[in-house]
Amino acid sequence: MRVPATICAACAVLAGQAAIAQEAIAPEKLTVEERIAPGANVLTLDQSWSGQSRINVLSTSDLKMKGNMGVGLIGQMVLAPGGATLYTASVYAPRITYGPQEAVIHEFDIATLTHKREFTVSNKMAMAEPQPALLQLAGDAKFLLVQNATPATSVSVADLAKGEQIAEVPTPGCWGALPVAQDLKFLSLCGDGTMQVFSFDAAGKIGEPVKSEKIFDADKDALFTNPAKMGDDWLFASFNGNLYHVAVKDGKAVLVDKFATTEGVEGDWAPGGSEVIAYNAPTGTAYVLMHSGAEDGSHKDGAEEIWAVDVKAKKVLYRSNAHAENTITVTQGAAPVIFAVSEENALYRYEVDPEAKFAAKLAGEAEDMGNFVGLVLATE
C-alpha cells in the first residue's frame with residue numbers, strides 16, 4: 001500500500017522532534033564577581049523621581065560598564081577622598097504620594113559595589129536635581145553636609161563615625177554647602193550677592209555665621225551654585241561667562257579675582273548646564289561648558305563647546321566641540337581627561353592635549369546612562 005507523502009513528512013518531523021528532545025541540555029553555571037575590574041572609575045548618577053535612582057560605575061579608560069548601585073528617590077552622591085567609598089543621600093516614601101518619608105544616607109564600597117551601612121537624617125533634605133553643592137564631606141571627611149529646603153534652607157550635619165545627624169544649621173537666604181578646607185565650616189551662596197561662612201563643632205554646637213561683602217550681582221551676573229574646587233578656594237562661573245575666584249580668609253569669604261571669558265567673542269556665548277565648570281590643578285586650567293545665542297533663561301542649555309581657560313593668565317586657550325553636555329568633571333593628572341554627560345544621557349570622554357593649547361578630543365562615548373543623568377564624578 002502506498003503511504004501518502006503528507007504522512008511521511010509528518011513522520012519525519014516527529015522523528016526529528018524526538019531526536020531533539022533526547023539531546024541533553026547543559027546547565028548554565030551562574031557566577032558572581034566579588035569585585036569589579038581594577039582601575040580608576042567614572043560614576044554617573046541617574047536620578048529618579050518615581051523610583052530607584054541608579055549609580056553607574058564605568059572604567060575611565062574605555063567607558064566599559066563595571067556595574068551599578070541603587071538608592072532611593074531623588075538621589076545625590078559624593079565620593080570620599082581616594083575614591084574607594086561613596087556616600088549617597090536619597091528619599092524613601094512608603095506611600096509615594098502622601099504620608100511620611102525618610103531621608104537616608106547610604107555608604108557604599110566601590111570595589112565590591114556593596115552597601116556597607118545606612119542611617120537617616122532630617123527629612124527636610126532638598127529634593128532637587130543632582131548637584132555637588134547639595135551633598136559634601138567636611139572636616140577631613142569625618143562629617144557629611146546635606147542641603148535642606150522646606151523651602152526654608154538649612155544644612156544637616158552628620159557625624160560619619162557615629163552614623164547620625166548631630167546638627168541642623170539654619171542658612172536663611174543661602175544655598176549650598178561648600179566645605180572650607182579641613183575646618184568644621186562651610187560656605188553658602190546667598191541671594192543678595194553675598195556669601196556666608198557657617199560653622200559647627202563635633203558636639204553639634206552651631207557658631208555665628210560670617211557674612212561677606214557683596215561679591216556678585218544676583219540680578220545682572222548670577223552665579224552657578226556649583227563651583228570648581230581650586231585648592232582650598234573655589235572658582236564660580238556666572239551666567240554671563242565671568243569667572244569668580246573666591247577664598248575664605250580669616251573666616252570670611254572674599255573675592256580674590258574676577259575676569260571675563262567671553263569679552264570680544266562673537267555669538268553671545270555663555271555657560272550652560274548645571275555643573276558647568278571643572279578645574280585641573282596640575283595645569284591650572286578650567287573647563288567650562290558653553291553655548292551660543294545666550295539669553296535670559298538659557299543658562300541650562302547644553303554645551304556646544306568646551307572652553308579651556310588658563311585661570312592665572314585669564315585667557316581662553318582653546319574651544320573644543322561638545323555634544324550638548326550639562327555636567328562636567330575632569331581628572332587631576334598632568335594630561336587631563338574630561339568626562340561629561342549630555343542632555344540625551346550619554347557619557348562622553350575627552351582626552352586633553354596640553355601641547356595643543358589644551359584642546360579636548362572626543363575619545364569615547366557610552367550611551368543610555370539612564371533617564372535623568374545629572375552628575376558625573378571620577379575617582380582619579
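This is a predicted model: local features need pLDDT of at least 70, side-chain atom pairs count only at pLDDT 80 or more; totals for chains, interfaces and linings use all residues.

Trainee: Take Tyr87 then. What is Tyr87 in contact with, leaving aside neighbours within four places in sequence?

Mentor: Quite a list. Its contacts include Ile105, Leu137 and Leu144, and also Gln76, Met77, Val78 and Ala80. His106, Glu107, Leu135 and Leu160 are among them too.

Trainee: Changing topic: aromatics. How many aromatic pairs does a search of the whole structure find?

Mentor: The search finds 4. One of them is Phe224 with Phe239, a tilted pair at 4.7 Å centre to centre with 55° between the planes.

Trainee: Where in the chain are Phe224 and Phe239?

Mentor: Both are in loops, and the pair links distant parts of the chain, 15 residues apart. Phe224 is in the loop between strand S15 (210-211) and strand S16 (228-230), while Phe239 is in the loop between strand S17 (233-237) and strand S18 (242-249).

Trainee: Is Phe224 buried or exposed?

Mentor: Buried, at a relative accessible area of 4%. Phe239 comes out partly exposed, with 28%.

Trainee: And why does the pair of Trp269 and Trp307 count as it does?

Mentor: Their ring centres are 5.9 Å apart and the planes are at 40°, so that pair is tilted. It also links distant parts of the chain, 38 residues apart: Trp269 is in the loop between strand S19 (252-260) and strand S20 (270-271), and Trp307 is in strand S23. Trp269 is buried at 12% relative accessibility, and Trp307 is buried with a relative accessible area of 1%.

Trainee: What makes a polar contact with the side chain of Trp307?

Mentor: The side chain of Glu305, at 2.8 Å. Glu305 lies in strand S23 (residues 305-310).

Trainee: Now the backbone. Which peptide bond is cis?

Mentor: The one from Thr150 to Pro151, with omega near 10°. Pro151 lies in the loop between S9 and strand S10 (153-159).

Trainee: What about positive phi in a residue that is not a glycine?

Mentor: Ile96 has a phi of about 65° and lies in the loop between S5 and S6. Asp250 is another non-glycine with a positive value, near 55°, and is found in the loop between S18 and S19.

Trainee: Is Ile96 buried or exposed?

Mentor: Exposed, at 65% relative accessibility. Asp250 is exposed as well, with a relative accessible area of 84%.

Trainee: Last stop, sheets. What order do the strands have in the open sheet with S29?

Mentor: The order is S3-S2-S1-S29, 4 strands with antiparallel pairing. S3 (65-71) and S29 (373-378) are at the edges with a single partner strand each, so one side of each has no neighbour in the sheet. The twist averages 20° from one strand to the next.

Trainee: Over how many bridges do S1 and S29 pair?

Mentor: S1 (residues 41-46) pairs with S29 over 5 bridges, in the antiparallel sense. Val42 stands opposite Ala378 there.

Trainee: And which strands are in the open sheet with S15?

Mentor: That sheet runs S12-S13-S14-S15, with antiparallel pairing. S12 (174-179) and S15 stand at its edges. S14 (residues 195-199) is joined to S15 by 2 bridges, and Val197 stands opposite Val210 in S15.

How values were computed: Residues are numbered from 1 along each chain as its sequence is written. Side-chain values use heavy atoms; hydrogens and water are left out. Two strands pair if DSSP finds at least two bridges between them. Axes are lines fitted to C-alpha atoms, for helices over the stretch in contact, and angles run from 0 to 180 degrees between N-to-C directions. Contact means heavy atoms within 4.5 Å. A polar contact is a pair of N or O atoms within 3.5 Å; within protein, one must be able to donate a hydrogen and the other to accept it, and residues adjacent in sequence count only if both atoms are side-chain atoms. Rings of Phe, Tyr and Trp (its six-membered ring) pair if their centres lie within 6.5 Å; planes under 30 degrees apart count as stacked, over 60 as edge-to-face and the rest as tilted. Buried means under 20% relative accessible area, exposed over 50%, partly exposed in between (1.4 Å probe, protein chains only).
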